[in-house]
Amino acid sequence: MEHRFQVDLRGIVDLLSHHLYASPRVYARELLQNATDAITARREFDAAAGPGRIVVEPLPDGALRVHDNGIGLTEPEVHLFLASVGRTSKRDDLGFARQDFLGQFGIGLLSCFMVADAVEVVSRSAKGGPAVRWTGHADGRYTTETDDTARAEIGTTVTLRPRTDTRHWLVPDRVGELVRFYAHLLDVDVELVAPDAAPVRLTDERAPWEIDHPSPEERHAALIDYGRQLLGTRPMDVIDLRVPEAGLVGVGFVLPSASAVGQGGHRVYLKRMLLSEDASKVVPEWAFFIRCVVDTAVLRPTASREALYEDDLLSSVRQSLGEQIRGWLLDLSVNHPDRLSAFLRVHHLGVKALAVRDDEMLRLVDAWLPFETSRGAMPLRVFRRGLSMVRYVETVDEFRSLAAIASAAGTPLVNAGYAYDSEILQRLHRVDPTIQVRRLDPGELAARLDPLPPGQEAAAAGFLETARTVLADLDCKPLLRQFDPVTVPALYIVGQQAANQDSLRRSIEASDELWSDVLSAFDDVEVDHRPELVFNWRHPLVRRIAADPSGPAVRHAVEALYGQALLAGHHPLRAVDTAALNRSFLALLDRAFTGPPNRWTGDGPTEEKS
């Protein structure tokens, strides 16, 4: 008897191939899922049924036949499962509750139409009754009939007859590759029987993490070798992972090189069938140095069964796996400090991300992770010995310009210009309540520099007055101090109050008249918070310039030192700064070449007299 599907089959196939599944290759997984579910159902129906077996057989005419010795289908079940999509209530009544099985028979079979023009199913049920032959066509027709001539063995045989443009999906080599890819961990025998070739078993007896080894060291070496095969490179280490409430077990491989957040995914099996080799959100974001290979019996797949469904259980699993990875790190810090140091050299970013919210990891970072400081690279615990106050700067450029000067002035600095550094420093009190942490105000640093002796300060008064006039046009003020290193002639310092005032004035300039008036009320014009150009009296050039405080040469020298200090400190240059730098550079060049007449005059060289 001929029937019509209860859906628009062409529309469903288009939906499956273009919107649900990533590739037509999933037809192999769906066939294997259906066969595995049937074997699972037969085990529950008849405990003496024997081991499950699936035979995959590419045929000489290009068709593909897949046979399983599962529970089989009666004629009513054929209509229910093979001609409807998503009807689960009667399915549950018949013993195919979804939480106990991999897939859903109807959707799985319909996916075969992505590669086949016709699908034939011959099934004999363990519950009794004759065999049933079901034939479905891509145009939406299907027929059912009892078939007493079919093999007497209980189970189901599915035969796919490909379209011309999809024959390459059913050739023996491709079929074997796909079955091995999806099903190699299944706990049933899956055998490939290709024409003119000996049968080949495609499933492993055990998952790599389940194999017994003579010693923990040999097991570790075997798992490392497994990780090398998966990653293409030797992993740094391997971590056993287990979450009983999700039926999850597997391993996590520590990557041997740095990896960005969100780069790469995890290999996830659902009831030992490959779900995805690029699953995300399995571990917390900070653990991006881990690649997991896990099998779960409880986590829910998405509709395409190619990813995990985000729900409370997955969130709980993610948290549990994060705790296990964290425990591995803490164990390294106690028992394997050399391995921890090697790990931190590569994956410090992930550990710092965790330390921002985890006190145990904060202690690990404090004790082991080197930070860039004005005393050299060292862990924070070493840096803060003998200090009651830890001062830091928030940008790498600020650290480079101030580190040597601050250290010479007795104010050692930490460079917190990298990811998570400032947050970690602000949390240091959680591991050492006696320590204080403060961001360095460059204006505070200027106040700590040594003043000139009274006699020298009076002698430099004229120079300071000239510098004050020149720098007024650049919205800066001069300061004369003594500091190390002596190689730095001038230092441009923007204190916190100066930065706040500059930001406020920029906002005023960019605002309309109403907001400009409102913001102007906060501008304290009574107090001079301008940036400071600090001249180093210990530098010979500064003393020579100060000896001749009048004239255009001094003005140009002040502008040149101003521009050099801006560039050395990586400060942004305004148009007025660039103009002053160009003006001083050209003027000083002109002055350097002003002198006795050169023999190169006019349009050509003159003869040099002997």
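Modeller: Before we start, two strands pair if DSSP finds at least two bridges between them. Strands (E, at least two residues) and helices (H or I, at least four) are DSSP runs, numbered from the N terminus.

Colleague: Fine. What kind of model is this, and how are residues numbered?

Modeller: This is a predicted model: local features need pLDDT of at least 70, side-chain atom pairs count only at pLDDT 80 or more, and totals for chains, interfaces and linings use all residues. Residues are numbered from 1 along each chain as its sequence is written, and side-chain values use heavy atoms, with hydrogens and water left out.

Colleague: How many helices and strands does the chain have?

Modeller: The chain has 21 helices and 24 strands.

Colleague: Which strands make up the open sheet of 3, and in what order?

Modeller: The order is β20-β22-β21, with mixed pairing. β20 (477-481) and β21 (490-493) are the edge strands, each pairing on one side only.

Colleague: In which sense do β21 and β22 pair, parallel or antiparallel?

Modeller: Antiparallel, over 4 bridges; β22 covers residues 532-536. L491 has V534 in β22 as its bridge partner.

Colleague: Which helix packs on the sheet, touching β21 and β22?

Modeller: Helix α20 (residues 552-568) does, and its direction makes about 60 degrees with that of β21. Axes are lines fitted to C-alpha atoms, for helices over the stretch in contact (heavy atoms within 4.5 Å). Angles run from 0 to 180 degrees between N-to-C directions.

Colleague: New topic. What share of the chain is buried?

Modeller: Of its 610 residues, 48% count as buried, meaning under 20% relative accessible area with a 1.4 Å probe, protein chains only.

Conventions:
Buried < 20%, exposed > 50% of the residue type's maximum accessible area, 1.4 Å probe, protein only.
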